[in-house]
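Trainee: I am new to this structure. Please take me closely through one part, the place where the two protein chains meet.

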There are 2 protein chains.
Amino acid sequence: MEEYQDHSLGGRVFQKIREDILNGKYKENDELRENTIGKELGVSRTPVREALRQLELEGLVTIVPNRGAYVTGISHKDIWDIYVIRSMLEGLCARWAVEHITDEQLNELEETILLSEFQMKKESGFSAEQIAALDGRFHSILYEASGSRILGHLLTDFHNYVQTARKSSVVSEDRARKSIREHRQILRAIRDRDEEMAEQLANEHIMHVMQNLKKQGYEQE
Amino acid sequence: MEEYQDHSLGGRVFQKIREDILNGKYKENDELRENTIGKELGVSRTPVREALRQLELEGLVTIVPNRGAYVTGISHKDIWDIYVIRSMLEGLCARWAVEHITDEQLNELEETILLSEFQMKKESGFSAEQIAALDGRFHSILYEASGSRILGHLLTDFHNYVQTARKSSVVSEDRARKSIREHRQILRAIRDRDEEMAEQLANEHIMHVMQNLKKQGYEQE
DNA sequence: TTTTGTATAATTGTATACAATTATACAAAA
DNA sequence: TTTTGTATAATTGTATACAATTATACAAAA
């Protein structure tokens, strides 16, 4: 994500703790002690502190002054809410992309779709992780193409949030195929400079993912 | 905002730097040196570092590893984009509030409107700051009432973002009166449990603010 | 003049020391 | 037994020390 995240200890600790919250290693209300985590990761308290402060800003951790940091956790309702919000914003993003997208970005979108289709045709079976990664790439190109720093930032955050939480396992073959087809339709609408259509398709695309989530027990609340 | 922000040095430094970026003291691409800021505020580097790392997460600061922190700045387009996004999400918020709002919250909304109307009737002229504060309160009650931690968090962030940036000065008397009237309409729709109407009105409410912004030179891009 | 190399200064990255605050253990009193 | 008080331990908050990295100044070479 951001520049320094990969280089500094603090950034890596941030990503690590975040992942461990989202994948369930740290559960709701767990106390996150600076020393304990530091020892676990082989670093001092300083980078851990930085990471915890950042995680609070993201809403994953609650800090009580002079007492400690606690996992806030992310409920099924939270994930559901994010999808509702995302469906609106992905629509807006596709609409804006119609205006701002470059030829190069169009080609990149095309490429991820082709690679996805290739994955699905493999005789040895498709790799869910690869499909998930390509899906991520497709969307982040669109975020970039929206020409909006704010919207891109927001959608990227959300994408990370839910992606790790629901893991890549949710990609059923049926859903994967439909998803790729929807990507292709979105791309076509953008190529045709059809704002209305692009927005609607991107909107529906996320709603379809939601229908799939519902089957897996993510209820409305 | 968050719990620890008021108590710890790091939290206060965070708020201070953020304010100074949004109100223009620190301009785009300004370098934010840990030592310099620390001396200015009479604290050591540690809390400043924490603050800068958090600000990067908010997108107000860019950190280049081993080199420094630079103000990212917030353009007119950014503010405009936030309003477009906000208009959608405030609509969603009002819709959800219809389902989740408590009687107490309804009363609080009523109260802020009454207080606003009282302000506008004052012979000595109304206080723009008071009106802005009441506007903020109205919206944050709604955010709370949406029953969505995620949506509330997001809208609160956005609200802070733009509020400080465009200062309270933009509140013209004409706009203030209309704004209060719109608040009243939104409240009525929520009371009537009319989701559709509540969403639409909240949506339009923000779009009206946008029209006002446009007059003040905030262009589409 | 322009470029390149190098010593020095400045700055960030991380660990650690110490103070302040909170949690815990346990004895004394009810 | 339950409650309260107090000493001690554990933890967070902040400052600072030191290492690593980058910026700057300036001389030497082209």
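**Where chain A meets chain B**

Mentor: Four salt bridges are counted between chain A and chain B. This is a predicted model. One of the bridges joins the side chains of B:Arg149 and A:Asp78, with N to O at 2.8 Å. Polar contacts also cross the interface of chain A and chain B: the rule finds 14 residue pairs, both at pLDDT 80 or more.

Now look at the chain A side. Helix H3 (45–58), helix H4 (76–100) and helix H7 (149–165) of chain A are the elements that give two or more residues to the side touching chain B. H4(A) gives the most, with 11 residues. By type, the residues on this side of chain A divide into 18 nonpolar, 10 polar and 13 charged.

Next, the extent. The contact takes 41 residues from chain A and 41 residues from chain B. The area buried between the two chains is about 3,600 Å². Carbon and sulfur atoms give 66% of that area. In chain A, the residues that lose the most area to chain B are A:Leu57, A:Arg149 and A:Ile150. Together they make up 19% of what that side buries.

Helix H3 of chain A and helix H3 (45–58) of chain B each supply at least two residues of the surface near DNA strand C. From chain B, a polar side-chain atom of B:Arg53 lies 2.5 Å from a phosphate oxygen of DNA strand C.

Definitions and conventions: Residues numbered from 1 in each chain as written. Chains lettered and ligands numbered in written order. Predicted model: local features only at pLDDT ≥ 70, side-chain atom pairs only at ≥ 80, totals over all residues. Heavy atoms only, no water. Contact = heavy atoms within 4.5 Å. Buried area = accessible area lost by both parts, 1.4 Å probe. Polar contact = N/O pair within 3.5 Å; in protein donor to acceptor, adjacent residues only side chain to side chain. Helix = DSSP H or I, 4+ residues; strand = E, 2+ residues; numbered from the N terminus. Nonpolar A, V, L, I, M, F, W, Y, C, P; charged D, E, K, R; others polar.
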